Amino acid sequence: MTRVLLTGGSGFIAAHVLETLLKRGHSVVTTVRSQAKADKIKEAHPEASSSNLSFAIVEDIAQPGAFDEAIKSDPPFEAVIHTASPFHFNVTDVQKQLLDPAIIGTTGILKSIKKSAPTVKRVVITSSFAAIVNPSRGAWPGHTYSEADWNPISTSEAVENPANGYRASKTFAERSAWDFVSSEKPNFDIATINPPFVFGPVVHYLNSLDALNTSNQRIGAMVTGSCGKTIPPVGTGIWVDVRDVAEAHVKAMEVGEAGGKRFFITEGFYDNVEMVEVIKKHFPDLAEKLPTEVGEGAELPKEIFKIDNSRGKEILGLKYRGFEECIRDTVESVKPFLK
């Protein structure tokens, strides 16, 4: 059993990380922004006792010293899993709403750990394929993306629009974490988890489809008919199941060899035409809502980059779920909220 601080416990990925931690017998304190969120999480885990699930309120992770109190624990923490970071595009100020929370939140928690939690030996940080991809290269035939790649986005490009801001927030936050470890030489090492689109069932106390996480919103748009009759563009075209992302976080905490490494966590390629077909197959009652016309970019390009996801398989022992299972389970989890 490991004593773990999990940040951002009400988030989409964090909710699955919490479930995985509890199933594997770890003792967890999770940070939330309010007591109301803590109460909802506790309600969702009636089997958990106060000794293996408790909470710390951190209202604003971008504030200096935000985690100073949360990182203090008796018994002391041995590991931290840091998932708290914004992922949405509904912003008016990229710097304040995306860049600052991601970068200051990440460096802030590392500073708090170094200052007040000398027993912590491993910190696992949720990063993203956004910190790996080079958007200017497009489909980039012939290139193989791996943990060796870094998004080359600049600070001036970061504030041009919310999409750039999100990619920059993940890139700059992850770089700042590696720089911190290099310059500060703390007692802990770090591992980062870099997934692309994360689909999968929702377990994080969803009240309505308005609260759906950004990746799953494209599924929500299809099954509600809000994307219209045209199948939308696929984007980067690689994906992973949230349950496998959660497993990766916990294994990166547990496996000694994971320290000091990035993990590009992806099952492989998909496109939105395939997504529509999977939904239609398993939920014929939703067929009339689904888009039917193949829009530009809805299918993968005939020539596209390759991926190297071998590190997660070899070091963390990951076995990825398939696309059909993932999309089926995702739609099943949101169906209660469909009108």
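**View 1. Contacts of T330 in the predicted model.** T330 touches F199, G200, P201, N216 and I219, leaving aside residues up to four places away in sequence. The model shown here and in the other views is predicted. T330 sits in helix 10. Its relative accessibility is 1%, so T330 counts as buried, the limit being under 20%.

**View 2. The F197 and F199 ring pair.** A search of the whole structure finds twelve aromatic pairs. One of them joins F197 and F199. This pair is stacked. The ring centres are 5.9 Å apart, and the angle between the planes is 0 degrees. F197 and F199 are both buried. F199 is also one of the residues that T330 touches.

**View 3. The Y270 and F323 ring pair.** A pair of aromatic rings is described by the distance of the centres and the angle of the planes. For Y270 and F323, the centres lie 5.4 Å apart and the planes meet at 25 degrees. Planes under 30 degrees apart count as stacked, so this pair is stacked. Y270 lies in the loop between strand 12 (268-269) and helix 8 (272-282). F323 belongs to helix 10 (residues 323-334). The pair therefore ties together parts that are 53 residues apart in sequence. Y270 is buried, with a relative accessible area of 1%. F323 is buried too, with a relative accessible area of 7%.

View 4. F129, W140, Y145, F264, F269 and F305 form one aromatic cluster. W140 lies in the loop between strand 5 and strand 6 (144-145). Its phi is positive, about 45 degrees, although W140 is not a glycine.

**View 5. The largest nonpolar core.** In soluble globular proteins, nonpolar side chains tend to be buried together. Here the largest nonpolar core has 42 residues. L21 and I265 have the most contacts inside this core. Elements that each supply at least two of its residues include strand 1 (3-7), strand 2 (27-32), helix 2 (35-44), strand 7 (189-194) and helix 7 (242-254). Helix 1 gives the largest share of this core, eight residues. I265 touches I193, N194, P195, P196, V240, V245, A248, L318 and Y320, not counting residues up to four places away in sequence.

**View 6. The largest cavity.** A search of the whole structure finds one cavity of 30 Å³ or more. The volume of the largest cavity is about 60 Å³. Eleven residues line the largest cavity. Of these, T106, I125, T126, K170 and A173 lie nearest its centre. Strand 5 (122-126) and helix 5 (162-184) each supply at least two residues of the lining. Helix 5 gives the largest share, three residues. By class, the lining has three nonpolar, six polar and two charged residues.

**View 7. Backbone details at P75 and K185.** D74 and P75 are joined by a cis peptide bond, with omega about 5 degrees. P75 lies in the loop between strand 3 (53-57) and strand 4. K185 has a positive phi of about 50 degrees, although K185 is not a glycine. The loop between helix 5 and strand 7 holds K185. At 62% relative accessibility, over the 50% limit, K185 counts as exposed.

Methods:
Residues are numbered from 1 along each chain as its sequence is written. This is a predicted model: local features need pLDDT of at least 70, side-chain atom pairs count only at pLDDT 80 or more; totals for chains, interfaces and linings use all residues. Side-chain values use heavy atoms; hydrogens and water are left out. A nonpolar core is a set of buried Ala, Val, Leu, Ile, Met, Phe, Trp, Tyr and Cys residues joined through side-chain atoms within 4.5 Å. Buried means under 20% relative accessible area, exposed over 50%, partly exposed in between (1.4 Å probe, protein chains only). Helices (H or I, at least four residues) and strands (E, at least two) are DSSP runs, numbered from the N terminus. Contact means heavy atoms within 4.5 Å. On a 1 Å grid over the protein atoms alone, a cavity is a set of points where a 1.4 Å probe fits but cannot get out, and a pocket is an open set with protein on both sides within 12 Å along at least five of seven lines; lining residues have an atom within 4 Å of a point. Grid points are joined across faces, edges and corners, and a volume is the space filled by probe spheres set on the points. Ala, Val, Leu, Ile, Met, Phe, Trp, Tyr, Cys and Pro count as nonpolar, Asp, Glu, Lys and Arg as charged, and the others, Gly among them, as polar. Rings of Phe, Tyr and Trp (its six-membered ring) pair if their centres lie within 6.5 Å; planes under 30 degrees apart count as stacked, over 60 as edge-to-face and the rest as tilted.
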